[in-house]
Amino acid sequence: ASNIAFSINNLAFAPLLGFGMATSTVVSQHQGARRSDAAERAGYTGLKMGLLYMCVIGATFVLFPKGYFELFRSKNASFSADELLSIGRVMLYLMTAWGLLDTVNIVFSGALKGAGDTRFVMFYMVLSSWILLVPVTLLLLHLGYGIIGLWVWLTVYVYLLAVGFWWRWRQGRWK
């Protein structure tokens, strides 16, 4: 169920990378023209577009979870889509939540890189991964939390990343 959910996540994630690259490009063009106000608007516009897309795709995850799991289940599988849904539905809900948060991460990290604030993006990602993601994941595994516990932690981690990128963008040091 987890592998299938991650495959489903690629449907949402890949276009978000495009929003991030587009935002990075437009922000860098405005910054190069010394128009920080336009660069800031471009960052927020990219975020709005990404969130709109993610809301639509996330709604399909919530409303039609069985259809997604049916796409990845072979006809001769030893399990039914309903069996997958017992755990997979929760994963799709969490994936929808972290997808919205990951939109913030992808768009604002792209915007910050486009504005030239690449060191912050690099340090923030490396530090958050090694200080938060890896140790807490290992702790949760050691404590015997199941796959849903790990998915909840991933959602919390993506939230923490989103807060940091949003805060840095809002703070405006990149200008």
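User: What counts as a salt bridge, and which residue forms one with Arg168?

Analyst: A salt bridge is a side-chain nitrogen of Lys or Arg within 4 Å of a carboxyl oxygen of Asp or Glu. In this predicted model, the closest N and O atoms of the pair that includes Arg168 are 2.7 Å apart, and the partner of Arg168 is Asp117.

User: How many residues apart in sequence are the parts that Arg168 and Asp117 tie together?

Analyst: Arg168 lies in helix α6, whereas Asp117 lies in the loop between α4 and α5. The pair therefore ties together parts whose separation in sequence is 51 residues.

User: Is Asp117 buried or exposed?

Analyst: A residue is called buried when its relative accessible area is under 20%. Asp117 has a relative accessibility of 10%, so Asp117 counts as buried.

User: Which residue forms a salt bridge with Lys175, and how far apart in sequence are the parts that this pair ties together?

Analyst: The partner of Lys175 is Glu40, and their closest N and O atoms are 2.8 Å apart. Because Lys175 lies in the segment after α6 while Glu40 lies in helix α2, the pair ties together parts whose separation in sequence is 135 residues.

User: In which helix do Arg41 and Asp37 both lie?

Analyst: Arg41 and Asp37 form a salt bridge, with their closest N and O atoms 3.7 Å apart. The two residues are four residues apart, about one turn of the helix, and the helix in which both lie is α2.

User: Where does the largest share of the lining of the largest pocket come from?

Analyst: The largest pocket has a volume of about 260 Å³, and of the 18 residues that line it, those closest to its centre are Asp102, Asn105, Met125, Tyr157 and Leu161. By class, this lining has twelve nonpolar, four polar and two charged residues. The largest share of the lining, six residues, comes from α4.

Note on methods
Residues are numbered from 1 along each chain as its sequence is written. This is a predicted model: local features need pLDDT of at least 70, side-chain atom pairs count only at pLDDT 80 or more; totals for chains, interfaces and linings use all residues. Side-chain values use heavy atoms; hydrogens and water are left out. On a 1 Å grid over the protein atoms alone, a cavity is a set of points where a 1.4 Å probe fits but cannot get out, and a pocket is an open set with protein on both sides within 12 Å along at least five of seven lines; lining residues have an atom within 4 Å of a point. Grid points are joined across faces, edges and corners, and a volume is the space filled by probe spheres set on the points. Ala, Val, Leu, Ile, Met, Phe, Trp, Tyr, Cys and Pro count as nonpolar, Asp, Glu, Lys and Arg as charged, and the others, Gly among them, as polar. Buried means under 20% relative accessible area, exposed over 50%, partly exposed in between (1.4 Å probe, protein chains only).
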